[in-house]
Amino acid sequence: MKDVWKLPAIAPWEKSCGKHPTQKPLSVLTRLILASTKPNAWILDPFTGSSTTGIAANLANRRFLGIDQEEDFLKISIERKLEIENAKIASSYRKKLQGFNDKKELELFLLQEPQVEYQKEIKI
Ligand SMILES: C[S@@+](CC[C@H](N)C(=O)[O-])C[C@H]1O[C@@H](n2cnc3c(N)ncnc32)[C@H](O)[C@@H]1O
């Protein structure tokens, strides 16, 4: 991986549930999440907009909590989340994501990632 990433702009299918004015490409957030988290990690975006971070997180088998002050953006976020609860749609999105060598690379990578067990309680 190089230190300058060249990834394409947002594709029309990424706006299937509506538009957010500063929406980022899923490919960028997916790369960031894979580079910095492990499977099942919790990811928080307190200014979530249309929740591209959350969609990338869930597509990559990470958990997500998003917060936004605008109800309309939260409605788009919920629509996007419901959309990828359909396993066929989620799989098709993983295949469409740019930045991988081929269509199957992301799904194969996710299958091979070592699973992490998180502590259920924190001892103080
Ligand atoms: C620049 S957008 C970022 C969206 C998303 N995180 C992204 O990277 O595409 C910032 C979002 O923060 C929300 N926001 C701004 N101030 C906020 C606040 N005080 N509490 C919650 N959300 C806020 C806006 O409604 C907007 O959707």
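This is a predicted model: local features need pLDDT of at least 70, side-chain atom pairs count only at pLDDT 80 or more; totals for chains, interfaces and linings use all residues.
Colleague: What does the C-alpha trace span along its principal axes?

Modeller: The extents refer to the C-alpha trace of the protein chain, taken along its principal axes. They are about 40 × 35 × 30 Å.

Colleague: Which pattern do the helices and strands follow along the sequence?

Modeller: The protein chain holds five helices and two strands. Read along the sequence, they give α-β-α-β-α-α-α.

Colleague: Where is isoleucine 43 placed?

Modeller: Isoleucine 43 belongs to a strand that covers residues 42-45. That element is strand β1.

Colleague: Is isoleucine 43 buried or exposed?

Modeller: A residue counts as buried when 20 or more other C-beta atoms lie within 10 Å of its own. Isoleucine 43 has 20 such atoms within 10 Å, so the residue is buried. In the protein chain, 25% of the 124 residues count as buried. The class for isoleucine 43 is therefore buried.

Colleague: Which residues is isoleucine 43 in contact with, leaving aside neighbours within four places in sequence?

Modeller: Contact here requires C-beta atoms within 7 Å. With the neighbours within four places set aside, the partners of isoleucine 43 are Ile33, Thr37, Thr53, Ala57, Arg62, Arg63 and Phe64.

Colleague: What distance separates the C-alpha atoms of isoleucine 43 and glycine 66?

Modeller: Along the chain, isoleucine 43 and glycine 66 are 23 residues apart.

How values were computed: Residues are numbered from 1 along each chain as its sequence is written. Helices (H or I, at least four residues) and strands (E, at least two) are DSSP runs, numbered from the N terminus. A residue is buried if 20 or more other C-beta atoms lie within 10 Å of its own, exposed if 12 or fewer, and partly exposed in between; C-beta atoms are placed from the backbone. Two residues are in contact if their C-beta atoms, placed from the backbone, lie within 7 Å.
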